[in-house]
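Reader: Hi! Could you walk me through this one? I have a few quick questions.

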Amino acid sequence: SLLYLQEPSNKRVRPLARVTSLANLISPVRNGAVRRFGQTIQSFALRSDSKSPGCAQKSCSRSAAPTPPKRRNSVLWSEMLDVNMKESLSTKEIKRQEAIYEMSRGEQDLIEDLKLARKAYHDPMLKLSIMSEEELTHIFGDLDSYIPLHEDLLASLGEATKPDGTVEQIGPILVKWLPRLHAYKGYCSNQLAAKALLDQKKQDRRVQDFLQRCLESPFSRKLDLWSFLDIPRSRLVKYPLLLKEILRHTPKDHPDIQILEEAISIIQGVLSDINLKKGESECQYYIDKLEYLDEKQKDPRIEGSKALLCHGELKNKNGHKLYVFLFQDILVLTRPVTRNERQAYQVYRQPIPVQELLLEDLQDGDVKMGGSFRGAFGNSDKAKNIFRVRFQDPSPGQSHTLQANDVFHKQQWVNCIRTAIAPFQRTAAAAELKELPELSEEAEENNPSAPNIKAQKRQSAMSGITEMELDESTSECGSILDSEEAKGMKTHRTSSGHRKTREKQLSGKRKETLV
């Protein structure tokens with residue numbers, strides 16, 4: 001505190017926001033490689049400026065304004081034409097040339113970004129030992145190998161451009177070049193694992209600081225590293241739109257018409273193959289992260305899955321967060337866990353095969369969802385955005401009432417599950433969804449004496465049977481019960497006359513809470 005009092009009150013502090021390049025933030029060191037790295041980044045950040053080198057020194061002064069981020073050239077093709085040339089072309093032809101120019105300009109931007117990812121991120125982190133070469137290879141993949149691919153298209157478009165700036169035919173170029181985009185299969189398939197590793201490495205303070213300084217430098221255009229790594233994928237999905245735009249402005253008698261239609265078919269096939277490969281990779285990524293508490297939970301349909309139809313976070317009836325995976329043949333509920341700073345998924349209860357899966361779409365307010373204190377408080381909030389999944393056969397005694405974050409995500413889940421089970425549910429009747437197990441589960445969630453309802457229903461459905469089975473959630477958990485639910489279990493052993501009296505008292509509540 002004494003040193004603090006002795007500091008002059010007019011001490012000047014250079015704010016972080018005023019730093020104009022990554023080089024200014026690197027502490028002076030004797031290492032030549034690091035010093036050269038700083039000079040490289042500084043010259044890279046200022047290469048588009050027309051100021052003299054002396055201006056870089058002044059930029060750190062108190063009165064200097066922060067250097068604005070580098071902006072891309074957004075000049076339209078028509079803006080580069082002289083008046084006479086513009087008047088000689090029809091409006092439709094100008095729009096066609098604009099679309100072709102947009103494709104060419106996009107290729108140039110992509111090439112610049114791929115080079116930037118290597119020069120400003122990969123190489124510096126390797127030289128400064130911020131990440132290992134193995135980690136960087138896993139995150140960046142073979143990004144460099146795609147630069148010549150796009151340079152070839154750019155060169156072909158340049159050769160096809162006339163002195164007046166127009167391109168007569170682009171179809172043959174695209175039909176020949178587009179199949180080469182199959183090379184992106186490996187890169188796109190690795191993106192999920194690459195993103196997970198990058199997020200993990202961001203916990204390292206050195207990585208975090210480096211990426212933050214890059215983000216604040218002009219060359220980044222306010223884009224983070226993952227934005228640059230994801231640019232190839234976003235470019236791929238733009239190709240069909242660009243081709244359709246060119247086709248839309250191409251005259252019907254133009255020789256490009258049929259060839260462009262073929263090119264659109266080719267790119268759609270390429271994207272379909274990439275998506276399929278990416279889906280298989282994503283599926284395997286999550287399968288490898290599953291942890292089983294019991295050998296009985298393992299199912300060959302999980303390991304054999306090639307497609308992940310839907311996955312995401314949901315809550316169960318107790319308000320606990322679950323992460324649910326709908327593979328093509330089986331539904332798996334899990335609890336997210338962390339193992340050695342790595343995300344894993346602990347399988348929760350027994351996975352439900354799609355062919356044995358029943359779905360019930362519940363209305364808002366039909367069920368009361370409670371947390372860990374639901375036994376202590378009677379006024380639990382009525383749940384919204386809920387649905388239920390269970391086995392067709394009630395003998396496993398397993399049913400899950402799940403809650404999505406909002407109506408949109410609920411509808412996504414419901415639609416996905418319906419699509420998956422549709423081939424197996426052609427003969428299922430609507431009444432089957434409202435049989436005993438749902439009534440029993442819902443009553444026991446909201447009413448401690450509900451087991452009497454279950455016994456009454458079993459007597460009408462199965463003559464001669466007077467003993468009822470335990471609650472579904474009891475058979476799933478084995479031992480964990482709320483105190484009030486335990487009392488409910490005792491009531492099922494009372495006389496039949498007492499059960500009838502109690503059921504009459506519950507009849508009104510059942511209409512309000514059960515589906």
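Reader: How many helices and strands does the protein chain have?

Author: The protein chain has 22 helices and nine strands. Helices (H or I, at least four residues) and strands (E, at least two) are DSSP runs, numbered from the N terminus. This is a predicted model, where local features need pLDDT of at least 70, side-chain atom pairs count only at pLDDT 80 or more, and totals for chains, interfaces and linings use all residues. Residues are numbered from 1 along each chain as its sequence is written, and side-chain values use heavy atoms, with hydrogens and water left out.

Reader: Thanks! What share of the 515 residues is buried?

Author: Buried residues make up 42% of them. Buried means under 20% relative accessible area, exposed over 50%, and partly exposed in between (1.4 Å probe, protein chains only).

Reader: On to aromatics, then. How many aromatic pairs are there?

Author: The structure holds 13 aromatic pairs. Rings of Phe, Tyr and Trp (its six-membered ring) pair if their centres lie within 6.5 Å; planes under 30 degrees apart count as stacked, over 60 as edge-to-face and the rest as tilted. In one of the pairs, Trp 177 and Tyr 239, the ring centres are 5.8 Å apart and the planes are at 70 degrees, so this pair is edge-to-face.

Reader: Nice. Where do Trp 177 and Tyr 239 lie?

Author: Trp 177 is in helix α8 (residues 171–177) and Tyr 239 is in helix α14 (residues 239–248), so the pair ties together parts that are 62 residues apart in sequence. Trp 177 is buried, at 4% relative accessible area, and Tyr 239 is buried too, at 1%.

Reader: And why is the pair of Phe 325 and Phe 327 called stacked?

Author: Their planes are at 15 degrees and their ring centres 5.9 Å apart, so the pair is stacked. Phe 325 is buried at 0% relative accessible area, and Phe 327 is also buried at 0%.

Reader: Let's switch to Lys 306. Is it buried or exposed?

Author: Lys 306 is exposed, with a relative accessible area of 51%. This lysine lies in the loop between α16 (300–303) and β2 (308–315).

Reader: Which residues is Lys 306 in contact with, leaving aside neighbours within four places in sequence?

Author: Lys 306 is in contact with Gly 279, Glu 280, Cys 283 and Gln 328, where contact means heavy atoms within 4.5 Å. The C-alpha atoms of Lys 306 and Gly 279 are separated by 7.3 Å, and the two residues are 27 apart along the chain.
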